[in-house]
Amino acid sequence: MKPIKNLFALLLSLLLLAGCKPTPKEDVIINKGDGELQEKIAAAPVEETFEAPTHLTLDEISGQHTKITVDADVVMPETKQLPVAEIVGETITIEWVRRVMEAIADGREIRTANTEIPDTKPEIVEEIRAVQNAIEEWETEFKDTTDPAEWQERYDDLRQQMEAWQEAYRSAPDEIGSAADLSEAAFRAQGRLYVSIDFGKKFPAVLEVYQYGTVNFSNWDPEVGHQVYFDVPDGAALNGVAMSKEDAVKTAQDFMARLGETGYEPAVVRAATLEPRVDGERPPRETWTNGWYVVMTRPVNGVPAPYYNSQQDDFGYYTTAERVQYIAPLGDEYAEFWIRDSGVNEFHWYNPSVPVRTVNESVALAPFDKVIETFRKQAAIEIYPSAEEYKEYGTVLIKIDRIELGMSRVRKENAPETYLLVPMWFFYGATTVTDLNEKASSLRYSFRLCEAPDGLSYYQEEPALCFMRINAIDGSRIDPQLGY
C-alpha cells in the first residue's frame, strides 16, 4: 500500500463525511422489509432443522452481452443452530498498536522506516513550515474575500494541524533508522505508525498500523516479487515450497495467537504462483516458485464466517443522484496471509472486532426457496453492473458454482459503532469472457487466458468472488453500501 502524504487531512475529511449519516429514529437493526427480520431476531431460539438441497441448478439468466448461470454446490455449516451476535470494532489505542507491533517484531527492534509521511524531526519541521505559511496566507490574503464561517473553519483546521505536528516533533527521531517513535502524538499526527523490522533478509520488513485498525506487514523473501497468480490446481505439486497446506494454516493461526487472537479458522487456503524478483529478463514461467495464500476469519458460535471478494457495487459506482453514499462500505473482519517456507511473507488484518453478546442462539431462517427467489429477481440488477466493464471485450459469463451459508455483518441502527453478525447466503462464482474481440488482450493483466469449448476465453482467477449476499433470516438482498 502506498503511503499518503497528507493522511491527516484525508482521515479528518473521512471522519466528517461519516458523520453525515442521518440519525435513525429507533434502536433496532435496519431492515428493508416488513419487520420479519426484527421479529425473528427477537423471537425465542428455534430447534427446527433447516432444509436446503446439496446442489442447485437454475435456468440461464440472459441479457445483452451477459449471461448468468447457476450450477452450484450448496454448503451448510455442520451445526443446526444459526445465531445472531453483536460485535463492536476494536478500540484502536496506542497501547493496542504497540502490542500488535511488538508481537509481530517478536523481540526485534522496531525502527523508523523510509516513508513519504514525515517521521523524523527534519521532515516534521518542513511540515510545520508549510502549515505556518498556509496560516499566514489564509490570514492575509483570504480573510476579507472568504465567507466568515468558511474562513474560520479552515483556520481552525490549520491550527489543529500545526498543534499535531508540533506535538509529534517533541518525540520524533532525528533520522531514519533510529528507534521508531511509538508515541500517541506520532500516531495521531500521522494517522498511522509506519516502522521497519530487520528479520535478517535482504530487505527489512515494513509494518504499519492505521488509526482505523488496519494492520499491514510485508516481509517478502528477496527472490520473489509481490505479483501473484492463482493458477495452481488443487493438489498440484508445488515448486520451491515444502510446506503443506496444513502447515500453512498452522503458521497463520500461530501468528494470530501471537497477536492475542485465538479462534480464527481458515476460510480460504490456496497455492499460487509468485513472480520472481529479478533484474533483466524473467525466467520461464514453469520455473517460478509457489506460495500459500491463507485467509482466516472468526467463526460465531461454531458457525463459519466465509471470506468473500465482493463483486457487488460496494462503492456506489452505479448509484444514481437519488442514492447518496454517506458512509464507507461495510467490511467483515478477516486476516490475509502470504506464507512460504520462511514464514509469513505478507499479512493484512482488516476490521478487527470484539464480541459483545449473543442476541439469539438459534434464529429461524427464511425458506431456501425464498432466498433463491430473491436471487432470481436481483441477479440482473445486482450482477450485470459488475460485468459492465468487461462486455466491451466479448460475451461475459457469470457462473455461480457455490452457495454457502455463514455469518456476516450488518449495521445496527442508531449504533454506528455496533454491528450484528447474522446468517447470510453467499453466492460465489467466476467471470469468464468469451467471443473475444480485438480489445480483449487488455484483460491479460487481471484474467487468465485459457481454452474454452468454442475457442479462447479469459477467466478471472481471484478466489472467493462473491456476486450476491442474501440475508438468510428474511431473504432480503444485502446492499453493501448501506450495510443491510
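Is Glu-86 buried or exposed? Glu-86 is buried, with a relative accessible area of 9%; here buried means under 20%, exposed over 50%, and partly exposed in between (1.4 Å probe, protein chains only). Everything below comes from a predicted model, in which local features need pLDDT of at least 70, side-chain atom pairs count only at pLDDT 80 or more, and totals for chains, interfaces and linings use all residues. Residues are numbered from 1 along each chain as its sequence is written, and side-chain values use heavy atoms, leaving out hydrogens and water.

**View 1. Glu-86 and Arg-357 meet in a salt bridge.** Their N to O distance is 3.4 Å; a salt bridge is a side-chain nitrogen of Lys or Arg within 4 Å of a carboxyl oxygen of Asp or Glu. The pair links distant parts of the chain, 271 residues apart: Glu-86 belongs to strand β3 (residues 84-89) and Arg-357 to strand β14 (residues 353-360). Helices (H or I, at least four residues) and strands (E, at least two) are DSSP runs, numbered from the N terminus.

**View 2. Nine strands form an open, antiparallel sheet.** Follow the order β4-β5-β6-β7-β13-β12-β10-β9-β8. The edges are β4 (111-112) and β8 (224-229), each with a single partner strand, so one side of each lacks a neighbour in the sheet. Two strands count as paired if DSSP finds at least two bridges between them.

**View 3. Strand β12 (residues 334-340) is largely enclosed by the rest of the structure, because seven of its seven residues are buried.** Tyr-334, Glu-336, Trp-338 and Arg-340 point one way, while Ala-335, Phe-337 and Ile-339 point the other. Five bridges connect β12 with antiparallel β10 (residues 290-297), where Val-294 stands opposite Phe-337. Seven bridges pair β12 with β13 (residues 343-350), also antiparallel, and here Phe-337 stands opposite Phe-347. A hairpin of two residues joins β12 to β13.

View 4. Arg-170 is exposed, at 58% relative accessible area, whereas Glu-167 is partly exposed, at 37%.

**View 5. Helix α6 (residues 184-190) holds both Glu-184 and Arg-188.** Four residues apart, or about one turn of the helix, their side chains meet in a salt bridge of 2.8 Å, N to O. Glu-184 is partly exposed at 36% relative accessibility, and Arg-188 is partly exposed at 33%.
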